[in-house]
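Dear colleague,

I would be glad if you could read them with the coordinates open.

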Amino acid sequence: DLTHAFDNGMPVFPGLPDPSFQPIARVEDDGYAMTSYSMLNHIGTHVDAPAHQIAGGDTLDEIGLERLVTDALTIDVSQRDPHGPIPLDELQEHLDDVRDGDIVLFYSNNARNYGTDAYWTGWSYPDADASRALIDRGISAVGFDGPSADPVDSTTFDLHRVWLSAGRMI
């Protein structure tokens, strides 16, 4: 399970409002439990569907379950220094392991930084050429242990567009 728990005070992408999770009923007092959630859909562990940035792109409910329930390949990039974009030449040795329909997960060991300032810069992700090479291998989606497919300070979200315009999920 790669999910970060939803909780008051959880880290959110810079500039986004904090979520709120408030109990409104408790089993001990009311006979049932219920919680009010107030949050954006891009906090914690989440999936970016093509419609996130591509006009006319598929929304998550339009994507077949077989694209989300499939095999995954983890590529360990935890020894890279510095973290950041992974060029195609570094990814090349792993491409033969990638199969059509896989979800490729990049492991930077950045989960240890969740909740600290280091989380926002401590992960690695494929650059545009490496992303295109994975798309050409037919992967279903890409994931990583960081907050975005682009650097946090990106204003153009170029890598999001590479993935999402190809119909892939992030």
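Asp102 is buried, with a relative accessible area of 2%, where buried means under 20% relative accessible area, exposed means over 50% and partly exposed lies in between, computed with a 1.4 Å probe on protein chains only. The side chain of Asp102 meets that of Arg99 in a salt bridge with an N to O distance of 3.3 Å, and Arg99, at 45% relative accessibility, counts as partly exposed. A salt bridge here is a side-chain nitrogen of Lys or Arg within 4 Å of a carboxyl oxygen of Asp or Glu.

Before going further, please note that this is a predicted model, in which local features need pLDDT of at least 70 and side-chain atom pairs count only at pLDDT 80 or more, while totals for chains, interfaces and linings use all residues. Residues are numbered from 1 along each chain as its sequence is written, and side-chain values use heavy atoms, with hydrogens and water left out.

The structure holds six salt bridges, one of which joins Arg132 to Asp129, with the closest N and O atoms 3.2 Å apart. These two residues, Arg132 and Asp129, are three residues apart in helix H3 (residues 128-136), which means that about one helical turn separates them; helices (H or I, at least four residues) and strands (E, at least two) are DSSP runs numbered from the N terminus. Both ends are partly exposed, Arg132 at 42% and Asp129 at 47%.

A further salt bridge, at 3.7 Å from N to O, brings together the side chains of Arg26 and Glu28. Arg26 is partly exposed at 43%, whereas Glu28 is exposed at 60%, and a network of salt bridges links Arg26, Glu28 and Asp29.

Turning to the rings, the structure holds six aromatic pairs, a pair being two rings of Phe, Tyr or Trp (its six-membered ring) with centres within 6.5 Å, stacked if the planes are under 30 degrees apart, edge-to-face if over 60 and tilted otherwise. Phe6 and Phe21 are stacked, because their ring centres are 5.6 Å apart and their planes stand at 10 degrees. Phe6 lies in the segment before strand S1 (20-25) and Phe21 in strand S1, so the pair ties together parts that are 15 residues apart in sequence. Phe6 is partly exposed at 39%, while Phe21 is buried at 9%.

Tyr114 and Tyr119, by contrast, have ring centres 5.2 Å apart and planes at 90 degrees, so this pair is edge-to-face.

Best regards
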